Amino acid sequence: MTRLLLIGTPGAGKGTQAQRLSETFDIPAISTGDIFRLNVKNETELGTQAKAFMDRGEYVPDSLTNELVRDRLSHADATDGFLLDGYPRTADQVQELDDILAEKNQQLDAVVMLSADVDEVVRRLLNRAIEQGRADDTEDVIRHRLDVYEAQTAPLISVYAARGLVITVDGLGEVADVTGRIVDALAERGISKN
Ligand code: ADP
């Protein structure tokens, strides 16, 4: 039963690492960004509400995001562990996750903080814009997303660090090397697939 959070700036490679860690630990990777994008694509009510925020590089309001995660974590596949990618991103979301876990008598094992320098992440995101055509990958919106991350999400790292949960891993380099670093850092803390 492994319960992990993955935090890092846009473009740090969270999504890629989340998929790999999901396989390694045999836990579902739950990406709020992916869930929102799927809802936008399917033109659901949630997607319609989220789209305007996403296109501007703003966070979707906590009320919507929290409800989505609360629902997702109630699914059977998340009972025995999960990896949250891109949640929580605000102090309110940290509180909500604390509440959800307390209600289930569950605890987080670690918060993996994937670091990457700004020039590299902007380069990656501009590249992704060409490859995937994501609406929020234009240069202005990318810069805004990085600012929002610094203002709202970066401060959360010290909240989790105060709980002794944070593992910082360099997100630069080959994908497999980064995964290896994360797995090794977790193993050092006694967190491995059982
Ligand atoms: P990135 O980390 O590269 O910005 P994501 O796919 O994680 O990409 O998120 C894309 C967008 O989805 C965010 O800019 C935001 O609008 C929305 N989003 C994702 N997760 C959250 C969250 N926890 N709280 C609020 N908005 C979110």
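Here are some notes on this structure, from the whole chain down to single residue pairs.

1. Before anything else: this is a predicted model, where local features need pLDDT of at least 70, side-chain atom pairs count only at pLDDT 80 or more, and totals for chains, interfaces and linings use all residues. Residues are numbered from 1 along each chain as its sequence is written, and side-chain values use heavy atoms, with hydrogens and water left out.

2. Start with the fold. The chain has eight helices and five strands; both are DSSP runs numbered from the N terminus, with at least four residues (H or I) for a helix and at least two (E) for a strand. Reading from the N terminus, the order is β-α-β-α-α-α-β-α-β-α-α-β-α.

3. What radius of gyration does the chain have? The value is 16 Å, which agrees with the figure near 16 Å for a compact globule of 194 residues. That radius is taken over C-alpha atoms, and the globule rule is 2.2 Å times the number of residues to the power 0.38. Along the principal axes, the C-alpha atoms fill a box of roughly 40 × 35 × 30 Å.

4. Now the inside and the surface. Of the 194 residues, 47% count as buried. Here buried means under 20% relative accessible area, exposed means over 50%, and partly exposed is in between (1.4 Å probe, protein chains only). The chain exposes about 9700 Å², with carbon and sulfur atoms supplying 48% of that area; the areas come from the Shrake-Rupley method with a 1.4 Å probe, and for residues only the protein chains shown count as cover.

5. Contacts (heavy atoms within 4.5 Å) are worth a look too. Take those with a separation of 6 or more: residues 24 or more positions apart account for 72% of them.

6. Valine 118 makes a handy landmark. It sits in helix H6 (residues 118-132) and counts as partly exposed because its relative accessibility is 47%. Leaving aside residues up to four places away in sequence, valine 118 touches Arg143 and Leu146. Its C-alpha atom is 15 Å from that of valine 169, 51 residues apart along the chain.

7. On charges, there are 21 positive and 34 negative side chains, and the centres of the two sets lie 2 Å apart. Lys and Arg count as positive, Asp and Glu as negative, while His and the chain ends are not counted. Each charge is placed at NZ of Lys, CZ of Arg, CG of Asp or CD of Glu.

8. How many salt bridges does the structure hold? There are 13, each being a side-chain nitrogen of Lys or Arg within 4 Å of a carboxyl oxygen of Asp or Glu. Arg128, Arg134, Asp136, Asp137 and Arg145 are linked in a network of them.

9. Arginine 70 is partly exposed at 31% relative accessible area, and glutamate 103 is exposed at 56%.

10. Other bridges stay inside one helix. Aspartate 34 and arginine 37 have their closest N and O atoms 2.9 Å apart; both lie in helix H2 (residues 32-41), three residues apart, about one turn. In helix H6, arginine 124 and glutamate 120 are separated by about one helical turn because they are four residues apart, and their closest N and O atoms are 3.0 Å apart. Arginine 124 is partly exposed at 21%, whereas glutamate 120 is buried at 18%.
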